[in-house]
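The following exercises are to be worked through with the structure in view. Each task is followed by a solution in steps.

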Amino acid sequence: MKKNSRRDFLVKGATAAVGTVLAGGLLSMCTKKDDLEATGEKVKLLDTNGNLVEVDKGHMLCCSAPGSKEVRKGMPGRHFVMVIDLSRCRNARRCVDACNSMHYLPPHHEWLKVFLMQDSEDTSSYWFPKPCFHCDTPACVNVCPVGATFKREDGLVLIDNERCIGCKFCMAACPYSSRVFNWDEPKSPNAVYSPESSVPQRVGTVGKCDFCPDFFKRGELPDCVMACPNGVFFYGDKNEDVVTNGIESFRFSELVKNKSAFRYMEELGTRPSVYYLPPVDRLYPVEKGFEDMPEETRKAYEVRRAHIKKFNV
Amino acid sequence: MEYQKIAQNKLEEIFSHFGKPSGKEKILFVLFGLVCIGALYALYTQIVEGHIVTGMRDNVVWGIYIVNFIFFIGISYAGAMISGILHLLHVEWRKPIIRIAEMITVISTMIGPVYILLCVGRLDRLQNIPLHGRIQSPITWDVMAITTYLSGSILFLYLALVRDYALMRDNEGMKIPNWRRNIYRKLAASYYGLPEQKKLLDRALTIMSAIIIPLAVIVHSVLAWIFGMTIRPGWHSTIFAPYFVIAAVYSGTAVLIIAMWIFRKYYHLEEYLQEKHFKYLGIILLVLAGIYGYFTFSEYLTVWYGSESWELEVVYKLFDMNSYGPWFYFAAVGGVLFPMILAGVPFIRNINTITIASVIAVAGMWIKRYLIVVPTLETPLLPIQDTRPEYVNYSITWVEWFLTFGGVAVFFLFFMIFIRFMPIIPVADIVEVNDHEDFITEKL
């Protein structure tokens with residue numbers, strides 16, 4: 001045992017040493033600014049505070065996006081989840097706006113949608129915010145012919161829109177309508193693309209909610225979580241067993257158990273990573289959601305209401 | 001040699017039906033050409049402006065392009081199943097019609113896949129399919145199945161043509177330009193009807209006809225699984241693969257009958273395409289209509305009786321006279337019953353009624369595919385809430401119509417060109433030397 005741990009120590013030590021040398025090398029590569037010649041061509045980037053900044057293309061060597069292998073593998077040991085508390089939602093739609101502006105999506109092109117739901121004619125209707133569910137057995141990933149959409153170790157289902165051929169099979173296969181196609185040329189800034197940031201979007205490819213792993217990496221919560229005035233969204237890590245909406249934090253396992261959380265249409269066998277807390281003891285009546293609503297949005301919900309009436313679903 | 005003389009006469013006689021293009025033919029040629037130009041313009045518009053010019057949107061992600069894809073691959077069954085099965089069973093009356101059937105197969109299998117390309121948002125990235133192809137995806141299965149099927153059916157058509165190419169090469173009566181004779185010489189592959197060659201060719205044809213049948217079944221099954229593998233109402237059905245296969249043979253047989261009618265009527269091939277051929281094919285059509293109707297009944301009865309709420313939503317849209325009802329009843333009921341009556345009742349059965357039955361069957365099958373694709377896509381599990389009407393309901397745009405008619409025009413144009421380069425009636429098959437009795441028979 002002792003011998004083993006000593007060998008372990010040696011191996012670790014050697015690894016650390018090699019790592020330090022490599023890191024030092026990389027660091028020196030990055031700091032040798034003099035070698036990097038300015039090309040005059042500016043590229044717009046998001047800095048760690050989410051501000052849009054301009055950087056010379058020649059200076060971008062040291063801050064490239066994570067390699068494609070790393071992006072496809074995901075963050076080891078994590079499993080991202082979201083808990084959405086339906087009893088708090090009043091359809092303020094700040095989450096939708098925040099997500100759209102953060103990803104430079106045009107209006108209507110919503111990755112996060114708020115549905116008006118009613119389970120039966122005898123029960124009350126309620127608001128239902130719906131991001132991508134990042135299923136553990138994702139139907140969309142199975143059908144992709146080129147592996148442009150993929151499932152990572154940390155539970156995320158992401159899209160590489162530089163590989164996507166735009167066949168839309170994933171959109172037909174997703175039972176939750178989570179995916180949106182870029183029918184037009186999107187007006188995204190010319191940022192360095194990574195499937196983790198999903199910016200810029202490209203015409204002829206598919207986009208969807210990515211659970212913002214880029215925010216997580218810099219220690220922030222996704223914009224939808226932060227924008228919500230009622231703290232509806234709890235974002236976190238199932239393995240760490242903690243979820244937070246920025247103000248309150250809960251043990252994930254206790255929260256879903258105590259509040260009888262459910263996953264939407266779980267019976268499809270998709271094993272979603274998004275859990276819903278039932279709309280009981282609600283903060284607001286559902287009608288509150290219709291206040292100050294733009295006419296067009298209201299019409300969309302009327303379409304939905306008519307559907308509920310007709311098919312009773 | 002007497003065989004050569006009879007065969008050459010027959011060859012010349014057949015080609016005499018396709019002499020200089022008549023006025024009518026020229027007008028048709030120009031007409032189809034104009035439709036093709038229109039389709040090219042539509043294609044240009046779609047490439048420049050993107051898929052926004054089509055009726056496809058986030059809910060209905062595929063429109064009539066995929067309907068046309070299923071349709072063209074479906075009619076390709078004419079050659080594969082009819083010709084393949086009849087060849088294996090040594091049915092003698094098949095001989096005058098196999099060439100038409102196999103040409104339908106090859107031409108429609110070439111046109112069909114173009115439509116799936118029209119659904120693809122980034123044609124500039126098609127290389128990703130071989131580069132990053134994933135075997136888990138039904139689209140990968142489809143790519144493999146269709147390329148194999150197309151190569152197989154071209155080979156099948158070619159093998160059946162070798163003996164006719166040899167006749168064309170040796171022909172002296174017709175004025176064949178040298179360049180064409182050279183091509184025939186290459187295509188005939190030194191076939192001189194030696195016993196050994198004949199044996200090999202016969203064996204190759206038998207093997208190919210045995211291979212082409214499972215290939216065809218696989219192609220349409222895989223196509224059905226693109227829909228069947230998704231968990232969506234109206235698609236997620238175990239019956240889908242055989243259902244698609246039967247629908248394909250049904251529409252393939254119908255298109256074959258229509259093609260035969262056109263050749264008989266306008267190129268005066270009455271001697272070869274006789275009433276009995278129409279009657280026999282009419283009976284096949286009748287049987288297929290019966291099987292198809294049975295499958296349809298079984299599929300919708302099960303879904304309706306089971307009353308699962310998502311499934312019901314789609315089924316009610318199909319049954320509702322204010323929604324897809326009229327189309328559904330025309331395609332699923334009329335498209336089965338009318339052909340059965342027209343092709344089945346002896347005292348009204350003749351060449352024309354069997355052809356009308358085929359036209360109804362073909363129209364019904366196209367509409368039925370539309371009803372498989374679009375209503376399901378319009379009914380996602382999470383109901384649509386959108387104010388933009390084009391996102392709620394699919395409607396076909398002019399670009400899609402132009403490209404659809406373009407495909408049909410290309411189909412006819414290919415036929416009009418091909419019939420002048422290869423005998424539409426397989427001469428070597430109908431004029432055969434009987435090995436045992438050493439006399440020449442004309443098999444019709």
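Two strands are said to pair if DSSP finds at least two bridges between them. The model used here is predicted.

**Exercise 1.** Determine in which sense strands β10 and β11 of chain A pair, and over how many bridges.

*Solution.* Begin with the two strands: β10 of chain A covers residues 233–237, and β11 of chain A covers residues 242–244. Three bridges link them, and the sense of the pairing is antiparallel.

**Exercise 2.** State which element of chain A gives the most residues to the side that touches chain B.

*Solution.* The contact takes 41 residues from chain A and 38 residues from chain B. On the side of chain A, the elements that give two or more residues include β4 (113–118) and α9 (295–311). With eight residues, α9(A) gives the most. By class, this side of chain A has 27 nonpolar, eight polar and six charged residues.

**Exercise 3.** Find where confidence in chain A is lowest and where it is highest.

*Solution.* The average pLDDT of chain A is 84. The lowest confidence is in helix α1 (residues 2–31) of chain A, at a mean of 47, and the highest is in strand β13 (residues 274–277) of chain A, at 98.

Key:
Residues are numbered from 1 along each chain as its sequence is written. Chains are lettered from A and ligands numbered from 1 in the order in which they are written. This is a predicted model: local features need pLDDT of at least 70, side-chain atom pairs count only at pLDDT 80 or more; totals for chains, interfaces and linings use all residues. pLDDT is the predictor's confidence in each residue, from 0 to 100. Helices (H or I, at least four residues) and strands (E, at least two) are DSSP runs, numbered from the N terminus. Two residues are in contact if their C-beta atoms, placed from the backbone, lie within 7 Å. Ala, Val, Leu, Ile, Met, Phe, Trp, Tyr, Cys and Pro count as nonpolar, Asp, Glu, Lys and Arg as charged, and the others, Gly among them, as polar.
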